[in-house]
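This report is meant for a reader who is meeting the structure for the first time. Please look over the sequence and the model before reading on.

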Amino acid sequence: MPANFTNVEETGSHSTAQAGKELERCQQQANEVTEIMLNNFDKVLERDGKLAELEQRSDQLLDMSSAFSKTTKTLAQKKRWENTRCRIYLGLVVGGGLLVILIVLLAIFLPQSSE
């Protein structure tokens, strides 16, 4: 009978050693999962910072585009006025030129007609 007790004790210690190895393996897996989760959390925080920076840059671009739009409208209005003014001046010059030509032609042909 003492042989049976020794065999049971060996089986018990073997079972305890196996349970210890299993526990150690589970602990190692838990540590790996914890490390992966911490890495993922760090990546999420990094992405959050980048998204905040992108949001800030997009707000700045929106402000800049709004200012650019106002500037272009003002500039377009100014150029339209300059273009209209140039057309008026050109019309006055052409009208004045035609008037001078008409006066010259009248001066040349009217005295000959009356003789």
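What is the relative accessible area of Glu46? Glu46 has a relative accessible area of 48% and is therefore partly exposed, where buried means under 20% relative accessible area, exposed over 50%, and partly exposed in between, with a 1.4 Å probe and protein chains only.

## Basis of the model

This is a predicted model, in which local features need pLDDT of at least 70 and side-chain atom pairs count only at pLDDT 80 or more, while totals for chains, interfaces and linings use all residues. Residues are numbered from 1 along each chain as its sequence is written, and side-chain values use heavy atoms, with hydrogens and water left out.

## Overall fold and surface

The protein chain holds one helix and zero strands, helices (H or I, at least four residues) and strands (E, at least two) being DSSP runs that are numbered from the N terminus. Helix H1 covers residues 2-114, and of the 115 residues of the protein chain, 0% count as buried.

The protein chain has an accessible surface of about 10800 Å², and 64% of this belongs to carbon and sulfur atoms. Such areas come from the Shrake-Rupley method with a 1.4 Å probe, and for residues only the protein chains shown count as cover.

## Salt bridges along the helix

The count of salt bridges comes to three, a salt bridge being a side-chain nitrogen of Lys or Arg within 4 Å of a carboxyl oxygen of Asp or Glu. In one of them, Glu22 meets Arg25 with an N to O distance of 2.3 Å; these two residues of helix H1 are three residues apart, about one turn of the helix. Glu22 is partly exposed at 36%, and Arg25 is partly exposed at 37%.

Glu46 pairs with Lys50, their closest N and O atoms lying 3.4 Å apart, and the two are four residues apart in helix H1, about one turn of the helix. Glu82 and Lys79 also form a salt bridge, at 3.4 Å from N to O, and they lie three residues apart in helix H1.

## A nonpolar patch

Leu90, Val94, Leu98, Val100, Ile101, Val104, Leu105, Ile108 and Phe109 make a nonpolar surface patch of about 840 Å². Patches are made of residues with over 30% relative accessible area and no salt bridge, like charges being joined within 9 Å and nonpolar side chains (Val, Leu, Ile, Met, Phe, Trp, Tyr) within 5 Å. Leu90 lies in helix H1 and counts as exposed because its relative accessibility is 54%.
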